[in-house]
Amino acid sequence: PVAVSAIITAGYARLGAAGVEPLCLRWEDTDGDGEPEWVGLYLRPGESPQLAAFVLDGEAWHDLRPLEKEPGKEDYGLGEYPTCELEVRDVNADGRVEILVRGHAEASIGLLHIFAWDGANYALLAPFEGEAGVRLENIDGDLADEVVVGYDAGGGLVWEVVYTWDGTNYAWTWERYDWFHLDRPHAYRTDTPEHAVISFYLAVDDRDLPGAYGLLSGSTR
C-alpha cells in the first residue's frame, strides 16, 4: 500500500508539473516490459479543444499522436469531446499490447486510434474515422477483433467496411449494409429494388423470418 501510494503521488505530481488534468488514468503495462506505466486521456485546451493521450513511463513522457490531416480536410485529432474510452489489450492477437483510444466529433463521427510500442516510441498502427461510428467486432471467432467503420447510407441504413489485421496492417476485408440504429422494429424499405433486396437480407440477418417472407413477391413465395 505504501509503494502504491508513492507511485500514485509521483504520477500526479508529474501530471501537475505538465499542467495536465486527466479525464481518466490507468496503470497498465503498455510496452510489454512487465512493468506498468501511466496511460491517460486529457483535453488539450485551445480555441478548438481536442482529446489528447499520453503514456508516462517514470520520467519519460510519450504523446500518442494522430496523423496530421491533409490540407482541406477536417482535423479532429483524437476527438473533439472529453471521453474516457481507453483500452489496453492485445486487440489483434499479434502477441503485443495495443492502446486503443476512442473519440467522437461533430454529431455522430466515431474515431478510433490504435497505438503500439515499437521499441522506441508508441507508433500509430491505424487510425479509423466513420461518420456513423467505429466499433470492434470479433466476426470470425479467431480471438482478434476486426474494425468496423460505418458510413451513413440514408434511409436508416449504414454502409459498413470491415478491416482485418493481416500481421502488418489493418486491411480491407469486406463490406455490408446494417441498420443505423439498433432499436426495433425496423422499417423495411421497398421504395426501390435495391432497398427491397437490402431489407430482405437484413430481415434474415435479424432472424425476422416473417418480415423477410413478407418482402418476397407472390411468385417468389
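User: Before we start, what does "partly exposed" mean here?

Analyst: A residue is called buried under 20% relative accessible area and exposed over 50%, and partly exposed in between. Glutamate 28, at 23% relative accessibility, therefore counts as partly exposed. Please note that this is a predicted model.

User: Which side chain does glutamate 28 meet in a salt bridge?

Analyst: Its side chain meets that of arginine 26, with 2.5 Å from N to O. Arginine 26 is partly exposed, because its relative accessible area is 28%.

User: Why can such side chains pair at all?

Analyst: Side chains of opposite charge can pair when their charged atoms come close.

User: How many salt bridges are there in the whole structure?

Analyst: A search of the whole structure finds 13. Among them is the one between glutamate 87 and arginine 89, at 2.7 Å from N to O. Another joins glutamate 137 to arginine 135 at 2.9 Å.

User: Which residues are linked in a network?

Analyst: Salt bridges link Glu87, Arg89, Arg102 and Asp145 in a network. Within it, glutamate 87 is partly exposed because its relative accessibility is 23%, and arginine 89 is partly exposed with 30%.

User: Switching topic: what about glutamate 146, is it buried or exposed?

Analyst: Glutamate 146 is buried, yet it has no salt bridge. The nearest side chain of opposite charge belongs to arginine 176, 8.2 Å away. A salt bridge requires the side-chain nitrogen and the carboxyl oxygen to be within 4 Å. Glutamate 146 is located in strand 10, which covers residues 146-154.

User: What does its side chain reach instead?

Analyst: The side chain of glutamate 146 reaches the backbone nitrogen of isoleucine 139, at 2.8 Å.

User: And where is isoleucine 139?

Analyst: Isoleucine 139 is in the loop between strand 9 (134-137) and strand 10. With Trp172 and Trp174, Ile139 forms a nonpolar surface patch that has about 300 Å² of accessible area together. Isoleucine 139 itself is partly exposed, because its relative accessibility is 31%.

User: Which residues form the negative patch?

Analyst: That surface patch is formed by Glu68, Glu74, Asp75 and Glu106. Glutamate 106 is in the loop between strand 6 (98-105) and strand 7 (109-117), and it counts as partly exposed because its relative accessibility is 42%.

User: What is phi of glutamate 106 near?

Analyst: Phi is near 50 degrees, a positive value in a residue other than glycine. Alanine 93, which is not a glycine either, has a positive phi of about 60 degrees. Alanine 93 lies in the loop between strand 5 (86-89) and strand 6.

Key. Residues numbered from 1 in each chain as written. Predicted model: local features only at pLDDT ≥ 70, side-chain atom pairs only at ≥ 80, totals over all residues. Heavy atoms only, no water. Patch = residues over 30% accessible without salt bridge, like charges linked within 9 Å, V, L, I, M, F, W, Y side chains within 5 Å. Areas by Shrake-Rupley, 256 points an atom, 1.4 Å probe, with all protein chains shown as cover. Lys, Arg positive; Asp, Glu negative; His and termini not counted. Charge placed at Lys NZ, Arg CZ, Asp CG, Glu CD. Helix = DSSP H or I, 4+ residues; strand = E, 2+ residues; numbered from the N terminus. Buried < 20%, exposed > 50% of the residue type's maximum accessible area, 1.4 Å probe, protein only. Polar contact = N/O pair within 3.5 Å; in protein donor to acceptor, adjacent residues only side chain to side chain.
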